[in-house]
Amino acid sequence: MRRAILAVIAGAAVLAAGAACDAAAQPEAAATSATPTAAPTTSAPDYSASTKQVCTQLQTLYTAELRNFGTAMGKMVTYKEAKQTAEADKAEATAAGQLKAAATKIRKETSTALDPDFITAGKISASKLESSATDRRYFDKVKTLTDLDKTVQAQFAEWLNPVAGYCQTA
């Protein structure tokens, strides 16, 4: 036991001597580390209450616009599989309209946030939704219910991740 204690003490002495040698070799480093710095400390603003309020408002997005989007997508696929092109096109237009409505809601609700980064995230999510509603590439990929099941979760993540990152912690 004594040997272990002596080893620890000897090791600490060697480390202390080594540190002293390094400090002696670099006087500026020793002087800098010994002098306390008076760096201004400002805490970041607390946006948590505002973020929580906006996220609460966005919850209706999941029960309205995105639910309606899912319903329209299901109809679109059903009509595509039945080769009812006109009805499939109507359902696709409805789904695109729901994406635009979701984008509008996200843009509107996040614009009231106090956190400028959350506002930016809202603009990014809204732009992604609007882009998909306009270019319709996602709709073209979905031809069967299996396609829809495989892709919808990843697609929602792509659209909503910028905003969801704020609302998961709120």
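Reader: Where is S127 found?

Author: S127 sits in helix α6, which runs over residues 116–135. A helix here is a DSSP run of H or I at least four residues long, and helices are numbered from the N terminus. Before we go on: this is a predicted model, where local features need pLDDT of at least 70, side-chain atom pairs count only at pLDDT 80 or more, and totals for chains, interfaces and linings use all residues. Residues are numbered from 1 along each chain as its sequence is written, and side-chain values use heavy atoms, with hydrogens and water left out.

Reader: Why is S127 called partly exposed?

Author: Its relative accessible area is 37%. Buried means under 20%, exposed means over 50%, and partly exposed is what lies in between, with a 1.4 Å probe and protein chains only. The value for S127 falls in that middle band, so S127 is partly exposed.

Reader: Which residues of α6 are buried?

Author: In α6 they are F118, A121, G122, S125, A126, L129, S132 and A133.

Reader: What makes you say that the buried residues of α6 line one face?

Author: Looking down the axis of α6, the buried residues fall within an arc of 130°, so they line one face of the helix. That arc is taken from the directions running from the helix axis to the C-beta atoms. Among the elements covering these buried residues are α3, α5, α7 and α8.

Reader: How do you know that the span of α6 is close to the expected one?

Author: From first C-alpha to last, the 20 residues of α6 reach 28 Å, and 28 Å is what 1.5 Å a residue would predict. The expected span is 1.5 Å times one less than the number of residues.

Reader: What happens at the start of α6?

Author: There, a side-chain oxygen of D115 comes to within 2.9 Å of the backbone nitrogen of D117.

Reader: What about the phi of K83?

Author: K83 also isn't a glycine, and has a positive phi of about 60°. Its place is the loop between α4 (65–81) and α5 (85–110).

Reader: Why is K83 called exposed?

Author: Relative accessibility is 71% for K83, which puts K83 over the cut-off for exposed.

Reader: How do you know that C55 and C167 form a disulfide?

Author: Their sulfur atoms are 2.0 Å apart, and a disulfide is a pair of cysteine sulfur atoms within 2.5 Å. C55 and C167 therefore qualify. The pair links distant parts of the chain: C55 is in helix α3 (residues 48–63) and C167 in helix α8 (residues 145–167), 112 residues apart. A search of the whole structure finds one disulfide.

Reader: What makes the disulfide of C55 and C167 left-handed?

Author: The torsion about the S-S bond is about -90°, so this disulfide is left-handed. As to accessibility, C55 counts as buried at 5%, while C167 counts as partly exposed at 22%.

Reader: How many residues are in the largest nonpolar core?

Author: It has 29 residues, and those with the most contacts inside it are F69, M73, L129 and F139. Such a core is a set of buried Ala, Val, Leu, Ile, Met, Phe, Trp, Tyr and Cys residues joined through side-chain atoms within 4.5 Å. α3, α4, α5, α6, α7 and α8 each supply at least two residues of this core, and α5 gives the most, with seven.

Reader: What is L129 in contact with?

Author: Leaving aside its neighbours within four places in sequence, L129 is in contact with L99, A102, A103, I106, W159 and L160. Contact means heavy atoms within 4.5 Å.

Reader: Why does Q98 count as buried?

Author: At 19% relative accessibility, Q98 comes in under the cut-off for buried. Q98 lies in helix α5, and beyond its neighbours within four places in sequence, Q98 is in contact with E65, N68 and F69.

Key:
Polar contact = N/O pair within 3.5 Å; in protein donor to acceptor, adjacent residues only side chain to side chain.
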